[in-house]
Amino acid sequence: MPADRLVRWFENFADRHGEPLLSVSGGALHAAARDGATAEARLPFAETYDGPADPLALQAAVTMPTRWGVLLVRKGGFAVAVVDHGRVADSKVGQRHVQGRTKAGGQSQQRFARRRDNQARAAYEAAADHAARVLAGSLFALVCGGDRSAVEAVLSDPRLAVLAEVRVDPWLPVPDPRRAILDQAVVDARSVQVTVTDPD
């Protein structure tokens with residue numbers, strides 16, 4: 001969630017579940033309520049939090065890298081953006097047709113599978129071309145999402161090898177990337193990651 005909503009969120013958590021016991025461990029702020037509900041809040045870009053057990057202190061610890069990127073890939077499309085000093089400086093969204101699966105058998109199915117693989121390969125190559133252009137230069141962090149195998153295929157391009165060193169969590173489980181999906185991914189990537197476990 002956006003950092004400026006964090007304190008209010010913990011207040012609402014306390015209203016719903018009772019005043020929680022707050023602690024810091026594993027680089028995150030933890031809340032354990034009397035009814036068994038728990039919450040874990042982590043800083044964006046895989047940063048480690050080791051400050052006071054207080055939501056306001058965690059909020060104050062949220063920082064943004066100077067220059068970072070987002071890469072979203074699925075078989076049917078891709079989206080890539082670079083964020084510089086808090087604003088999207090460059091981006092590209094693209095779609096490529098990749099046929100769905102077929103129930104046909106025999107040689108027909110094999111030909112279909114080869115065609116589908118070739119289409120997917122072409123889509124990943126196009127995504128890599130745009131990623132190499134948009135994400136050129138020094139990045140402090142890269143947040144990825146979509147289909148994991150598709151992202152790995154794109155990042156296997158030698159031009160993008162350096163990005164493996166700056167990839168960070170969270171993974172963004174997005175649908176086929178479109179402009180609105182990319183815009184939301186940028187917001188999600190720089191938000192505090194809150195995981196809630198309700199009592200059974």
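Reader: Which residue of β5 stands opposite Arg67?

Author: Arg67 stands opposite Asp84 in β5, where a strand is a DSSP run of E with at least two residues, a helix is a DSSP run of H or I with at least four residues, and both are numbered from the N terminus. Residue numbers start from 1 along each chain as its sequence is written. This is a predicted model, in which local features need pLDDT of at least 70, side-chain atom pairs count only at pLDDT 80 or more, and totals for chains, interfaces and linings use all residues, while side-chain values use heavy atoms, with hydrogens and water left out.

Reader: In what sense do β4 and β5 pair, and over how many bridges?

Author: Two strands count as paired if DSSP finds at least two bridges between them, and here β4 and β5 run in the antiparallel sense over eight bridges.

Reader: What is the order of strands in the open sheet?

Author: Its five strands follow the order β6-β5-β4-β7-β8, and the pairing is mixed. The edges are taken by β6 (87-95) and β8 (167-172), each of which has a single partner strand, so one side of each is left without a neighbour in the sheet. From one strand to the next the twist averages 15°, with axes fitted as lines to C-alpha atoms (for helices over the stretch in contact) and angles running from 0 to 180 degrees between N-to-C directions.

Reader: Which strands does helix α5 lie across?

Author: Helix α5, made of residues 179-189, lies across β4, β5, β6, β7 and β8 and runs at about 135° to β4, whereas α4 lies across β4, β7 and β8 at about 120° to β4. Leu182, a residue of α5, is in contact (heavy atoms within 4.5 Å) with Val70, Leu72, Ala79, Val80, Ala81, Ser91 and Val93, if we leave aside its neighbours within four places in sequence.

Reader: Is Leu182 buried or exposed?

Author: Buried means under 20% relative accessible area, exposed means over 50%, and partly exposed lies in between (1.4 Å probe, protein chains only). Leu182 has a relative accessible area of 1%, and is therefore buried.

Reader: How many residues does the largest nonpolar core have?

Author: In soluble globular proteins, nonpolar side chains tend to be buried together. A nonpolar core is a set of buried Ala, Val, Leu, Ile, Met, Phe, Trp, Tyr and Cys residues joined through side-chain atoms within 4.5 Å. The largest one here has 22 residues, and Leu71, Val73 and Leu135 are among those with the most contacts inside it. At least two residues each come from β4 (67-74), β5 (77-84), α3 (106-134), β7 (141-146) and α4 (148-155), and α3 gives the most, with five residues. Apart from this core lies another, of 17 residues, among them Met1, Phe10, Ala31 and Leu43.

Reader: Which backbone angles deserve a second look?

Author: Most residues other than glycine have a negative phi, and most peptide bonds are trans. His85 has a positive phi of about 50° although it is not a glycine; His85 lies in the loop between β5 and β6 and is exposed, with a relative accessible area of 66%. Ala46, also not a glycine, has a positive phi of about 60°, and is found in the loop between β3 (38-42) and α2 (55-60), where Ala46 counts as partly exposed at 46% relative accessibility.

Reader: Which peptide bond is cis?

Author: The bond from Asp169 to Pro170 is cis, with omega near 10°, and Pro170 has its place in strand β8.
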